[in-house]
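Student: I have a model open and want to learn how to read its features. Can you take me through them one at a time?

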Amino acid sequence: MNELLLRAKFVWEYATHLQTDADPPIELIFKFVNTLDKKDTKVHIKNFDKLPVAKKIYDEEVSFLTKVSNQEFLKGTFGHEFKKWYGNDNKMIDLFSISLNPFRQGRNKNTKFNKYAEATMLEHDLIHFVNGYNTSPVGEICVLSFNLAKEWRKSYATILFASFLMAIRNTFKPSKYPKGISLKNKIMLAPAYVFIRLVIEGYLRGKRSKWFLAVDWDSYLDLPMDKLKKDLKLFDKPKYWNKILPYVLIMNRHYNQYARKKENKRKRQNNVA
């Protein structure tokens, strides 16, 4: 009962936050995921321990990311492309890192748990990288959907549900659409419709893909990206994501401008009063 109340409270606070889709309430997400994911993380650790790659990760002295940063790779290889992407991307909303926080207290730096934690955070980054999802809140929705196909987390499912309610709200907000947009494009860009399409696409891609935690990423560092994507069964790009992304970015910029004007107007009125 307490868990249901917690989830209901989060859904309300998250869905009614003014700019969740452009500026998500990180503290709220942190508190919620941190509280709800303990049991799910325990299950995931047990499943990970059964994987052949787990022993290799537990035994290695140098982490995957350290290897990538310290080596040079031929252009077009997985190692080269991931190193370039990782070096340019420092805006990640790392929900995996957040979800593991309850287990960190009292643990030594090089325990098996911390190596598992590194593997899951790498998994999260690689879902972004391999699929081409950016690190915006919309891109994060795609990543959560992809991940839920292989690893169930109540917190992620609740975040997606709250995001759907928010998308329904935004569908009827004129400020969420650029001025002068045609009726046809307004229907195509309706936030609720876009959300549903992205979640379905992300989930189906995750369902057909290999489980990222089970992949020996080291073995692909010097191989072409095409080989990696083929083995992951992700040789094609997410079609709807790539189609809608330019419009989503435009809508976010438009709404940010609208929100700033509204906030400045409120401040001026308060100063006059």
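Student: Where is Ser 155 found?
Tutor: Ser 155 is found in helix H10, residues 154-171, of this predicted model. Helices (H or I, at least four residues) and strands (E, at least two) are DSSP runs, numbered from the N terminus.

Student: Is Ser 155 buried or exposed?
Tutor: Cut-offs first: buried means under 20% relative accessible area, exposed over 50%, and partly exposed in between, with a 1.4 Å probe and protein chains only. Ser 155 has 0% relative accessibility, so Ser 155 counts as buried.

Student: What conventions and confidence limits apply?
Tutor: Residues are numbered from 1 along each chain as its sequence is written, and side-chain values use heavy atoms, with hydrogens and water left out. Since this is a predicted model, local features need pLDDT of at least 70 and side-chain atom pairs count only at pLDDT 80 or more, while totals for chains, interfaces and linings use all residues.

Student: What is the mean pLDDT of the chain?
Tutor: pLDDT is the predictor's confidence in each residue, from 0 to 100. The chain has a mean of 81, and 73% of its residues reach 70 or more. Confidence is lowest in helix H7 (residues 95-99), with a mean of 51, and highest in H13, at 97. Over residues 102-107, pLDDT stays under 50. For that stretch the model has 13 contacts beyond four places in sequence, a contact being heavy atoms within 4.5 Å.

Student: How many helices and strands does the chain have?
Tutor: The count is 14 helices and zero strands. Of the 273 residues in the chain, 49% are buried. Take the contacts with a separation of 6 or more: residues 24 or more positions apart account for 74% of them.

Student: How many salt bridges does a search of the whole structure find?
Tutor: The general idea: side chains of opposite charge can pair when their charged atoms come close. The criterion is a side-chain nitrogen of Lys or Arg within 4 Å of a carboxyl oxygen of Asp or Glu. The search finds eleven. One of them joins Lys 55 and Asp 59, at 2.7 Å, N to O. Those two are four residues apart in helix H4 (residues 52-59), so about one helical turn separates them. Lys 55 is exposed, at 57% relative accessible area.

Student: Which residue does Asp 216 meet in a salt bridge?
Tutor: Asp 216 meets Lys 56, at 2.8 Å, N to O. Asp 216 lies in the loop between helix H12 (191-208) and helix H13 (225-232), and Lys 56 lies in helix H4, so the pair ties together parts that are 160 residues apart in sequence. Asp 216 is partly exposed, at 26%, and Lys 56 is partly exposed, at 36%.

Student: What about Asp 236 and Arg 208?
Tutor: Their side chains meet in a salt bridge at 2.2 Å, N to O. Asp 236 is in the loop between H13 and helix H14 (239-272) and Arg 208 is in helix H12, so this pair ties together parts 28 residues apart in sequence. Arg 208 is partly exposed, with a relative accessible area of 35%. Separately, salt bridges with shared partners join Lys 56, Glu 60, Lys 67, Asp 216 and Asp 218 into one network.

Student: What is phi of Lys 233?
Tutor: Phi is near 65°, a positive value in a residue other than glycine. Lys 233 is in the loop between H13 and H14. Lys 233 is partly exposed, at 45% relative accessible area.
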